[in-house]
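Hi everyone, thanks for coming.

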Amino acid sequence: MEKRRVIFVTDGDEFACRAIERVAAEIGGRCISRSQGNPTKLSGEQLVELILQTPHDPVFVMFDDCGAIGEGAGEQALRYVAGHEQIEVLGALAVASNTHQHEWTKVHVSIDRDGVMTEYGVDKEGFQDLEIGRINGDTVYCLDRLNIPLIVGIGDIGKMGYRDHAKYGAPITRKAVELILERSGGHAGKRKETESADREAAR
């Protein structure tokens, strides 16, 4: 059974969607744009169906709880997708927020607003935080309870004082994604390249 390679993004607003779409297009992957929502509107089953329909990977999927206390709709969908037998989770972008609900997750590494990799967490604006290896967010409650190879902490995707805006290429998000791909063996555009090679061989 062929598995689809997926990267989770714990944010679903319009800015995040535009940034992820830009990065996905540039690396040869795909973004499930319909997963945008604040909060998440699609179920885990619906998201898996859309993932399996995409022609290229990695596939980016957005999840958002819109500040719900505890495990909201976004995290319920995230847990379902993570546990599906046809999904291989390469990593997750754990997006920081100014949450007051005390939700947090452990992260393996963070990328700050200057694109610098750090062992510290980051806040919503992308500034390095005071704690090592954890961030606060509103859709991160279950991340470190799942078998995710690499969780990267990042500020508010597509924002961070315009430093990560889609019109500038979302450079902070891209750096975080490239880190996940590098650690996973580099899968960007792999399906597309394989298909091109198959077409050449068939000529």
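Two notes on where things come from. This is a predicted model, in which local features need pLDDT of at least 70 and side-chain atom pairs count only at pLDDT 80 or more, while totals for chains, interfaces and linings use all residues. Residues are numbered from 1 along each chain as its sequence is written, and side-chain values use heavy atoms, with hydrogens and water left out.

Now the overview. The protein chain has 5 helices and 11 strands; these are DSSP runs numbered from the N terminus, with helices being H or I of at least four residues and strands being E of at least two. Of its 203 residues, 52% count as buried. Buried means under 20% relative accessible area, exposed means over 50%, and partly exposed is in between, using a 1.4 Å probe and protein chains only. Among contacts with a separation of 6 or more, 78% are between residues 24 or more positions apart.

Let's zoom in on T40. You'll find T40 in the loop between β2 and α2 (44-53), and it counts as buried at 7% relative accessibility. Which residues is T40 in contact with, leaving aside its neighbours within four places in sequence? They are M62, F63, D64, A73, G74 and A77. T40 and M62 are 22 residues apart in sequence, but their C-alphas are 7.9 Å apart in space. With D64 there is a polar contact, too: the backbone nitrogen of D64 lies 2.7 Å from a polar atom of the T40 side chain. A polar contact is a pair of N or O atoms within 3.5 Å; within protein, one must be able to donate a hydrogen and the other to accept it, and residues adjacent in sequence count only if both atoms are side-chain atoms.

F63 brings us to aromatic rings. Rings of Phe, Tyr and Trp (its six-membered ring) pair if their centres lie within 6.5 Å; planes under 30 degrees apart count as stacked, over 60 as edge-to-face, and the rest as tilted. By that rule there is 1 aromatic pair. The ring centres of F8 and F63 are 5.1 Å apart and their planes meet at 80°, so this pair is edge-to-face. It links distant parts of the chain, 55 residues apart: F8 is in strand β1 (residues 4-9), and F63 is in the loop between β3 (59-62) and α3 (73-82). F8 is buried at 0% relative accessibility, and F63 is buried at 0% as well.

Finally, helix α1, residues 14-27. D13 caps its N-terminal end, with a side-chain oxygen 3.2 Å from the backbone nitrogen of F15. The buried residues of α1 are A16, C17, A19, I20, V23, A24 and I27. Where do they sit around the axis? They cover an arc of only 165° (taken from the directions from the helix axis to the C-beta atoms), which puts them on the same side of α1. These buried residues pack against β1, β2 (30-31), β3, β4 (87-95) and α4 (171-183). Just after α1, G28 takes a positive phi of about 85°.

Definitions and conventions: Contact = heavy atoms within 4.5 Å.
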